[in-house]
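Visitor: I have a structure open and would like to go through one part of it. Can we take it step by step?

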Amino acid sequence: SGRVEIFRFELNEREATVYIPASERPQYVCIDPQFKIGVKVVNTDKGVEEAIAELGSDNLVCRLEAVDALARDGSARAVEGLSKALIGDSFWGVRAEAARALGRVGTEDALKALLNALNNERHPRVRQAIVEALGNFRGNDNVAKVLASILENSSESYYVRSRAAQSLGKLGMPDYGKYLIKALDYPSHNYVITQGALQGLSELGTDEAVDTLIKYTELGKPTLVRVAATQSLGKFVSVRRVYDRVRELLRDPYYRVRYAAVAAVESSLDPRFLDILDELASRDLDGRIRRYARDVARKIRDQLQRGVEYARLREEIERIREEQRRIMDRLDRMEAKG
């Protein structure tokens, strides 16, 4: 009927069941539409049609709630609703969330909706979200071509091109690595395209990509670029030349680079770095580095301890199984004698 009713309830318990009087089934129910409750988790089991109806709400919170419900459903009808929100919602934030949701759904229809929106959407933040979502379609040559063309297009915003580089790497297609290498030299504010290209190369993970990341950690490169390259090395520390370079970077003269090197160690939690982390925790000139190194060293030691405990648990389980086998063998022999 288009009528909106607001109900207020006083909630004093962690869990409560609330009954709302209604003469007919509502098109949709939206909890806390004015976002008055600061911290909350809303798990709604609303159906697809209810969520699609909620996309028509005048209230921003309700429309975002609807997008989340449709993303979790992921059906063809849900994709229809998300496509409608991506093309037609009046607020760029809802359109951006709809784009990310379509990326998570990841179907062929979701991809069509994203590519279609890319032709018409002008808001750079929404274009960023669309390009980010396209990174979910691994191995898709058509998507790779679209992302490569955005990366090369100087009329696109720097941040959209940076996101395109990251997504292009996520597709996992080595043939497109050359576009990322080329993008390292594109001029941009705060070297944001260069940073995106480095992150894309880290997603790609080829030998050439790893060598390029190491090269871009060298002194003489801009600090922001060195930071991006250093942090990206974390996932490759099993490679000897990367491990050696990260150890060097943990002693870099630049605070930001040392911090990024500790972050790389944190992403790997490799115990081979414990000696240098302990050294940083006690001797680094910067208090932030000392604290961070101490925290990461503790995480590594906790992981090692859990590993030891897990090994002990497995040994105990195996000992119990062996004991049971011996008991069963004795029973079998006793039955055979009897």
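This is a predicted model: local features need pLDDT of at least 70, side-chain atom pairs count only at pLDDT 80 or more; totals for chains, interfaces and linings use all residues.

Visitor: Fine. Where is D270 found?
Guide: D270 is in the loop between α14 (255–268) and α15 (274–283).

Visitor: Is D270 buried or exposed?
Guide: D270 counts as buried, because its relative accessibility is 12% and the cut-off for buried is under 20%.

Visitor: What does its side chain make a polar contact with?
Guide: The side chain of D270 makes a polar contact with the side chain of R272, at 2.8 Å. Leaving aside residues up to four places away in sequence, D270 also touches V237, V265 and I300.

Visitor: And R272, where does its charged end sit?
Guide: Over the ring of Y243, 4.0 Å from the ring's centre.

Visitor: On to rings, then. How many aromatic pairs are there in the whole structure?
Guide: A search finds five. One of them is Y243 with F273, a tilted pair with 5.0 Å centre to centre and 55° between the planes.

Visitor: Which parts of the chain does that pair link?
Guide: Distant ones: Y243 is in helix α13 (residues 240–249) and F273 is in the loop between α14 and α15, 30 residues apart. Both Y243 and F273 are buried.

Visitor: Give me another pair.
Guide: Y259 and Y292 form a tilted pair, 4.5 Å centre to centre with 35° between the planes. Y259 is in helix α14 and Y292 in helix α16 (residues 287–337), 33 residues apart.

Visitor: Are those two buried or exposed?
Guide: Y259 counts as partly exposed, because its relative accessibility is 32%. Y292, at 13%, counts as buried.

Visitor: Which residues form a cluster there?
Guide: Y255, Y259 and Y292 form one aromatic cluster. R288 lies over the face of Y255, 4.2 Å from the ring centre.

Visitor: Back to α14. How far apart are its end C-alpha atoms?
Guide: They are 20 Å apart.

Visitor: Which residues of α14 are buried?
Guide: V257, R258, A260, A261, V262, A263, A264 and V265 are buried.

Visitor: What do they pack against?
Guide: The buried residues of α14 pack against α12 (223–232), α13, α15 and α16.

Visitor: Last one. What comes just after α14?
Guide: L269, which takes a positive phi of about 50°.

Key. Residues are numbered from 1 along each chain as its sequence is written. Side-chain values use heavy atoms; hydrogens and water are left out. Helices (H or I, at least four residues) and strands (E, at least two) are DSSP runs, numbered from the N terminus. Buried means under 20% relative accessible area, exposed over 50%, partly exposed in between (1.4 Å probe, protein chains only). A polar contact is a pair of N or O atoms within 3.5 Å; within protein, one must be able to donate a hydrogen and the other to accept it, and residues adjacent in sequence count only if both atoms are side-chain atoms. Contact means heavy atoms within 4.5 Å. Rings of Phe, Tyr and Trp (its six-membered ring) pair if their centres lie within 6.5 Å; planes under 30 degrees apart count as stacked, over 60 as edge-to-face and the rest as tilted. A charge sits over a ring if NZ of Lys or CZ of Arg is within 6 Å of the ring centre and within 35 degrees of the ring normal. The expected span of a helix is 1.5 Å times one less than its number of residues.
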